[in-house]
Amino acid sequence: MPGNNRIVLGVIGSDVHAVGNKILEMAFEEAGFKVINLGVMVSQEEFINAAIESDAAAILVSSLYGHGEMDCRGLREKCQEAGIGDILLYVGGNLVVGKRTFNEVEELFKKMGFDRVYPPGVLPEVAIQDLKKDLGL
Amino acid sequence: MKALLIDFGSTYTKVSLVNLVPPALIGTSRAPTTTETGLLDGLNKALEAFTPEQLDGIAVKKACSSAAGGLKIVAIGLVPELTVKAAREAALGAGARVMATYAYTLSDEELDEIKELEPDLLLLSGGTDGGDRKNILENAARIAESGLSVPVVVAGNKSAASDVKKILEKRIPHVVVTKNVMPEINVLQVEPARQAIRELYLQEITKAKGLDVIQQEVGLAMPTPLAVMKAGELLNKTSGKEVVIVDVGGATTDVHSFCDGKPRRSGIVLKGLPEPFAKRTVEGDLGMRVSLQTLLEVIEENEDIHALREYANKIKRERSLIAANEREKYFDRIFATACIREALLRHSGQLNEVFTPEGRLWIQQGKDLTEIDILIGTGGALVFADDAGSLLRAGLRLEHPLHLTPRQPQLMLDHKYILYAIGLLAEDYPETAEALIKDTLKSLGRI
């Protein structure tokens with residue numbers, strides 16, 4: 001794939017759900033992306049450091065355990081401080097617990113600076129198509 | 001056939017005379033290092049301890065050196081936790097003294113600092129392979145424009161390496177490109193950079209430091225810490241045991257470990273850049289003579305702290321001072337114990353407790369040394385101590401359970417003080433080196 005196809009992938013915070021992370025890695029590699037997979041229990045700083053060293057085009061954050069809002073807050077601002085403020089940020093999974101509609105959740109995370117937000121159960125292909133479009137690949 | 005092995009140290013020039021086949025140590029000797037009048041004076045003085053018959057038939061001469069400040073390196077990378085750390089590991093593994101490390105784009109002030117540090121070599125990294133190019137290109141341009149003229153080893157993003165070389169070569173006399181110290185995120189590749197540093201050391205840096213006479217006369221092979229490291233690598237390889245070496249010197253305390261250091265129990269998640277199998281750390285603030293003022297800071301809580309300070313001030317005036325009475329010997333033991341304990345704490349990894357919805361987990365950063373088999377003590381402070389075993393035991397006393405320091409290793413002493421000589425022989429005469437290891441390592445029991 002020509003152009004910058006490098007993406008940083010990981011499960012944020014104290015979340016140890018490893019299976020979905022592996023599936024995403026395989027799906028994005030298959031689709032022609034160079035995946036830098038940081039695995040589970042990844043801090044915001046680790047995402048940013050890996051994106052800087054590898055000059056990645058996007059950071060893909062997963063969160064399955066309901067603390068996504070807390071874990072993701074401030075990630076965009078930290079990217080801006082670190083000089084990669086324009087990087088694409090995607091997030092998906094069981095992002096919050098409680099009775100909020102996905103529309104509310106999406107709005108919340110977009111306000112936090114995420115470019116795309118996915119509910120549970122979305123197939124990797126959807127995110128792959130979006131990412132190709134956003135990167136002009 | 002005999003071999004003469006020499007270590008030009010900052011205070012002493014040490015020699016070991018060895019019979020290669022059958023392997024045997026003929027004798028050792030030492031004399032003060034003579035930096036002013038040329039290092040050969042000190043060597044000749046040390047050789048006076050041997051008879052002409054003993055010195056007859058020397059077929060191999062090899063030397064290592066930490067004189068003239070050792071091999072001084074400044075390591076540069078992009079992100080502190082990633083390429084900067086990888087570059088630092090590579091430099092330490094080459095036996096260097098890492099004077100400073102720098103991250104991101106070098107500022108004018110940092111370039112001035114580097115000039116003042118007078119390094120022998122710059123190790124320039126930054127970016128994974130195919131990753132960030134901008135940083136290493138910018139830093140190369142800034143180094144080229146700065147007026148620095150020290151050799152540079154380039155070990156960064158391979159996609160930028162040839163451009164980096166072109167930029168540097170306009171102003172810098174020796175530029176060597178080698179493989180990336182971190183080809184991918186969280187993958188460490190220090191061996192090619194170690195090798196490149198060593199070659200440059202032999203070809204260029206010894207000349208610049210006025211050591212080329214030594215190189216012609218006695219075959220200068222490597223910086224001293226690298227020789228010690230090679231001895232440890234050989235012992236690890238031949239015995240199959242996990243080894244740690246603690247080298248307590250006047251200016252620094254070095255720790256070498258030879259093990260993978262991975263978690264030993266379940267429920268532990270390993271984080272951060274992987275650690276090199278052969279890892280070396282150097283603590284420039286922990287030493288028995290030159291670094292006493294900074295060492296005192298880590299032993300704040302001693303009841304004799306005032307007397308210790310007085311003794312330290314006395315040593316400050318007279319660096320080569322040897323403890324004159326029982327009380328001063330006791331102070332030296334406190335110093336040595338502090339060096340051992342603090343250097344091991346810094347070398348070892350650490351556990352941190354985290355609570356997750358899945359229950360309690362542990363995050364490990366650094367190497368787990370809790371189950372290493374052998375811990376070897378070396379360096380003047382241990383070799384010439386009356387009670388090296390109790391010093392090591394005191395240094396290993398468990399005070400921080402979450403620090404993964406060695407727990408019950410077999411304690412050994414390099415009692416003939418020839419680990420450097422073993423390392424110098426390790427590549428060309430592994431069998432002799434192996435026999436000498438057995439000869440010098442004296443068991444001090446378990447902890």
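Reader: Does Asp55(A) count as buried or exposed, and why?

Author: This is a predicted model, in which local features need pLDDT of at least 70, side-chain atom pairs count only at pLDDT 80 or more, and totals for chains, interfaces and linings use all residues. Residues are numbered from 1 along each chain as its sequence is written, while chains are lettered from A and ligands numbered from 1 in the order in which they are written. A residue is buried if 20 or more other C-beta atoms, placed from the backbone, lie within 10 Å of its own, exposed if 12 or fewer, and partly exposed in between. Because Asp55(A) has 21 C-beta neighbours inside 10 Å, it counts as buried.

Reader: What is the phi of Asp55(A)?

Author: Most residues other than glycine have a negative phi. Asp55(A) is not a glycine, yet its phi is positive, at about 50°.

Reader: How does Tyr104(B) count, and why?

Author: Tyr104(B), also not a glycine, has a positive phi of about 60°. Because Tyr104(B) has 19 C-beta neighbours inside 10 Å, it counts as partly exposed.

Reader: Which residue does a cis peptide bond join to Val21(B)?

Author: Most peptide bonds are trans. Here omega is about -10°, and the cis bond joins Val21(B) to Pro22(B).

Reader: How many residues of chain B are in contact with chain A?

Author: Two residues are in contact if their C-beta atoms, placed from the backbone, lie within 7 Å. Chain A contributes 12 residues, and those of chain B in contact with them number 15.
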